[in-house]
Amino acid sequence: MTTNGVATADAAAVPATGDRPGPGFWIGLIVGGAVMAFGVRGVFMDSRGTRPVALAGWIVGADLVHDLVIAPIAVAVGWTIGRLVPRGWRTPITTGLVATGVVLVVAWPALRGYGRAVVPDNPSVQPLAYGTAVAWVLGAVWIGVAIWLVIRWWGARSRR
Amino acid sequence: MSSRLAPPKVGPFRPGAFASPARSERTAAVLGLALGVSFGICFLTGLYSHLAQHPPSWFHLSARPAGLYRITQGLHVATGLAAIPLLLAKLWTVFPKLFSWPPFPSVAVALERICLLPLVGGSLFLLFSGLANINLWYPWPFNFPLAHYWTAWITIGALIVHIGAKVSVTRRALRRSAPTLTDHHDDSAATVNAGMSRRQLLATAFGVSGLVTLVTVGQTYGPLRKLALLAPRRPDVGPQGFPVNRTARAAGVLESARSSEYRLEITGRGATATTFDLAELQAMTQHRATLPIACVEGWSTTQEWEGVRLRDLLRRAGVSTDSTVRVESLQPRRSYRTSNVDGSQTADPDTLLALRVNGAPLDIDHGYPLRLIAPNRPGVMQTKWVTRVVVL
């Protein structure tokens, strides 16, 4: 199997997953299938709490949001960096952007104060000023990126 | 292959549509291995937490090691958070495979690809719902613990199928001697992309994972608490210097907990019904215990508790000191109003009905006048505002 650009003509000639399924695949399918069936059974057994239709919607929705929104955005950002950013700067900038994105995802509920809204009388939930906290973390990230860029620039200059 | 099966040469189906050299079998294998370990840790620690809260007849929550639940649940949340960038990097790496053509070349591949739906959707759901839950944010109509728990079984099942399908590819990709196409192309990608090599991509994924850990793990690991900038809790912030999950107001016990009518009652099988008022409890031999309070949501903190031993109270009521009991709170009917204490924990000298913490009477949000504190228990089972102990 080719390693990138899976949809090449070569790749199409080989099944998408490469090797012929060995015994490992069938054992995994039987064991994993049984475990999945146990989980599905649990969802329906506890259906008053799990709300199977809503839960299935969230799981399939997570797939769709990733494939139709998150991944295309990531690809577009990568493409834009490839167009706009000089070659030597791309990795530090990309790393900075990835870190920024993940930090914002992790901090999002606290940043928006969703937990505090649920328990307004409990000041020990989300006790910090998260706007400031996120600014500190991202500040550190981008200072790191800047230092990395300077080192690269310095290295490139002294090699010349 | 007949021309019928030729890939449509548009958009993401075009040859070379995804140009980054960082998308290699080896990248996918390394990230897959890391995610397999992370999800394995999350599954086992989550299972332990579930068993602790809903023990089947064969499961007994041991009292020792006292900090075990603190470690397992701290690990559960920290590992889940650390897995977020790893999962995103993995999905980015294998995204082109979504467009592989023909989509279902064989029954085996069809089965494997169908299982990717619960694997990817389930993994994203588990990480997102866990993140929302530690922030006490519930933007869905279902019960979080049940949905998270059963989805974990479905996702782990799909993961087992995936591992079975990928084990030989992964093994091959991880062998150093097997260079992949990208190894020769690392810094010479001719096409437009962000220009990361495989190593750089992996370094970024693991680096960001480490960053997330660094700025959140302080909610359970005290020495790093000042760095816990993105954690929803600080282990040293709250009344009397540590966090609260449910306040007295939210529990509806503001009046009953402060009432002069307050009594502790010991009843149940074989017990001589006995009641104690606050002064009687304070007059009993007081014992100290240094024990963690470890929340299911991943924060934890160790405090100095002081109060009466549960086993002393049982002895006064004339029942065996290792009886299994149900501890009931003053709060009106709501989830976590009661919790069961297994005989192995009841008998432990550190299992207290605490009146004081860190040298002062309990704050009402920490369970004044009386709360259960025992070794190795999930925080939601350290019942607050205790008014009744029922021998089972």
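Mentor: The area buried between domain 1 of chain B and domain 2 of chain B is about 1900 Å², with carbon and sulfur atoms giving 49%. This is a predicted model, where local features need pLDDT of at least 70, side-chain atom pairs count only at pLDDT 80 or more, and totals for chains, interfaces and linings use all residues. Residues are numbered from 1 along each chain as its sequence is written, chains are lettered from A and ligands numbered from 1 in the order written, and side-chain values use heavy atoms, with hydrogens and water left out.

Trainee: What makes the area between domain 1 and domain 2 of chain B "buried"?

Mentor: Buried area is the accessible area (1.4 Å probe) that two parts lose on being put together, summed over both. So the value of about 1900 Å² covers both domains. Leu61(B), Tyr69(B) and Arg70(B) supply 29% of what domain 1 of chain B buries against domain 2 of chain B, more than any other three residues.

Trainee: Where do the bounds of the two domains of chain B lie?

Mentor: Domain 1 spans 3–227 and domain 2 spans 241–391. Such bounds come from an automatic or database domain assignment. The C-alpha centres of the two domains lie 40 Å apart.

Trainee: How many residues of the two domains of chain B are in contact?

Mentor: 26 residues of domain 1 of chain B contact 24 residues of domain 2 of chain B. Contact means heavy atoms within 4.5 Å.

Trainee: Why is the pair Asp350(B) and Arg64(B) called a salt bridge?

Mentor: The term asks for a side-chain nitrogen of Lys or Arg within 4 Å of a carboxyl oxygen of Asp or Glu. The closest N and O atoms of Asp350(B) and Arg64(B) are 3.2 Å apart, so the pair qualifies. Between the two domains of chain B the count is 2 salt bridges.

Trainee: What is the salt-bridge count between chain A and chain B?

Mentor: The count is 0. Yet 83 residues of chain A are in contact with 100 residues of chain B. The area buried between chain A and chain B is about 7500 Å², and carbon and sulfur atoms give 73% of that area.

Trainee: What makes residues of the side of chain A that touches chain B nonpolar, polar or charged?

Mentor: Ala, Val, Leu, Ile, Met, Phe, Trp, Tyr, Cys and Pro count as nonpolar, Asp, Glu, Lys and Arg as charged, and the others, Gly among them, as polar. By that rule, the side of chain A that touches chain B has 50 nonpolar, 23 polar and 10 charged residues.
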